[in-house]
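User: Hello! I am new to this structure and would like to learn how to read its features. Could you walk me through them?

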Amino acid sequence: MSKLIILDIYDNFFTGNVPNDLGNLRRLQWLSLSRNQLTNEHSESELAFFTSLTNCISLRKLWIDAANSEAPSLQEAPGLYISQNRIHGSIPSGLCHLTNLGFLDLSSNKLLEQSQAALGILLDCPTTPRSWKHEVLSGLDLSKNQFSGNIPSTISLLQNLLQLYLSHNKLQGHIPPNFGDLVSLEYLDLSGNNLSGFIPKSLEALKYLKYLNVSFNKLQGEIPNGGPFANFTAESFISNLALCGAPRFQVMACEKDPEGTQNHSS
């Protein structure tokens with residue numbers, strides 16, 4: 001077992017806790033536990049199994065998602081997928097040592113943590129000389145959890161990020177202006193939080209951005225109109241506090257100050 005590279009128990013009826021000693025499989029590259037009924041509810045350490053996997057430094061794919069998922073494929077992008085389960089607790093600090101991961105999906109769980117602390121774990125791993133977070137990670141999905149607090153501006157360090165999903169949490173504060181530094185970003189979903197302030201005009205620089213959703217927040221002010229915003233529709237901005245902008249966004253027009261500059265809604 002110590003030389004095991006692939007472990008697949010997909011689509012069974014296993015119940016109980018995820019084993020805490022999976023980390024002993026140090027050569028493991030691919031692990032699928034999906035379509036089971038596994039949990040960590042009675043574990044002494046809330047994410048003990050997760051922490052143990054940080055010993056599997058060759059791990060490229062971990063799949064522990066829900067019963068309605070598709071069968072995983074070895075050809076899919078390397079990543080860690082633990083979505084739509086009952087996993088609760090905090091993100092373990094050793095996660096950033098899994099340097100081969102390209103996509104991190106912890107969505108639709110019960111993870112409860114200040115966003116500064118949660119993302120700080122992912123963005124600050126000084127003992128890893130070649131950190132995955134800067135060079136490898138292309139997707140991050142923390143949606144549908146219970147993360148709270150402000151979005152840390154240091155997330156802009158993820159220069160190769162293509163997909164960022166933080167929707168349906170309890171995030172507050174402003175959208176960091178340096179999101180405009182995520183030059184490779186294609187998908188950004190911040191919907192269903194308590195974000196306030198303005199939509200940064202710096203997002204107009206994201207020329208590859210195909211999808212944006214900031215609906216159901218408390219945003220106000222003018223919706224940017226340049227760059228990728230030329231292709232977005234009203235659905236990206238519905239149910240906010242006081243957004244204004246172009247008619248196609250189905251919001252009120254922005255009034256102009258005496259110098260003719262649009263500044264806030266009428």
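Analyst: Gladly! Let us begin with exposure: a residue is buried under 20% relative accessible area, exposed over 50%, and partly exposed in between (1.4 Å probe, protein chains only). Gln250, with a relative accessible area of 68%, is therefore exposed. Keep in mind that this is a predicted model, where local features need pLDDT of at least 70, side-chain atom pairs count only at pLDDT 80 or more, and totals for chains, interfaces and linings use all residues. Residues are numbered from 1 along each chain as its sequence is written, and side-chain values use heavy atoms, with hydrogens and water left out.

User: How many helices and strands does the protein have?

Analyst: Helices (H or I, at least four residues) and strands (E, at least two) are DSSP runs, numbered from the N terminus. Here there are three helices and 20 strands.

User: What share of the residues count as buried?

Analyst: Of the 266 residues, 50% count as buried. For the surface, areas come from the Shrake-Rupley method with a 1.4 Å probe, and for residues only the protein chains shown count as cover. The accessible surface of this protein is about 12,600 Å², and carbon and sulfur atoms hold 50% of that.

User: Which strands make up the open sheet, and in what order?

Analyst: Two strands pair if DSSP finds at least two bridges between them. In this protein, five strands form an open sheet with parallel pairing, in the order β11-β13-β15-β17-β18. Its edge strands, β11 and β18, each pair on one side only. For angles, axes are lines fitted to C-alpha atoms, for helices over the stretch in contact, and angles run from 0 to 180 degrees between N-to-C directions. Neighbouring strands of the sheet are turned by 25 degrees against each other on average, with direction ignored.

User: How many bridges join β11 and β13?

Analyst: Three bridges link β11 to strand β13 (residues 170-173), in the parallel sense. As a case to look up, Asn150 has Gln172 as its bridge partner in β13.

User: Which cysteines are joined by a disulfide?

Analyst: A disulfide is a pair of cysteine sulfur atoms within 2.5 Å. Searching the whole structure turns up one disulfide. Cys244 and Cys254 are the partners, with 1.9 Å from S to S. The link is right-handed, with 95 degrees about the S-S bond. Cys244 sits in strand β18 (residues 242-244) and Cys254 in strand β19 (residues 254-256), 10 residues apart.

User: Are these two cysteines buried or exposed?

Analyst: Cys244 has a relative accessible area of 0%, so it is buried. Cys254 counts as buried because its relative accessibility is 10%.

User: Where are the residues other than glycine with a positive phi?

Analyst: Look at two loops. Lys144, with phi near 55 degrees, lies in the loop between β10 (139-141) and β11 (148-150). Lys144 counts as partly exposed because its relative accessibility is 47%. Gln250 also has a positive phi, about 55 degrees, although it is not a glycine, and its place is the loop between β18 and β19.

User: What is Asn213 in contact with?

Analyst: Contact means heavy atoms within 4.5 Å. Leaving aside neighbours within four places in sequence, the contacts of Asn213 include Leu188, Asp189 and Glu235. Asn213 belongs to strand β16 (residues 211-213), and its relative accessible area of 12% is why it counts as buried.
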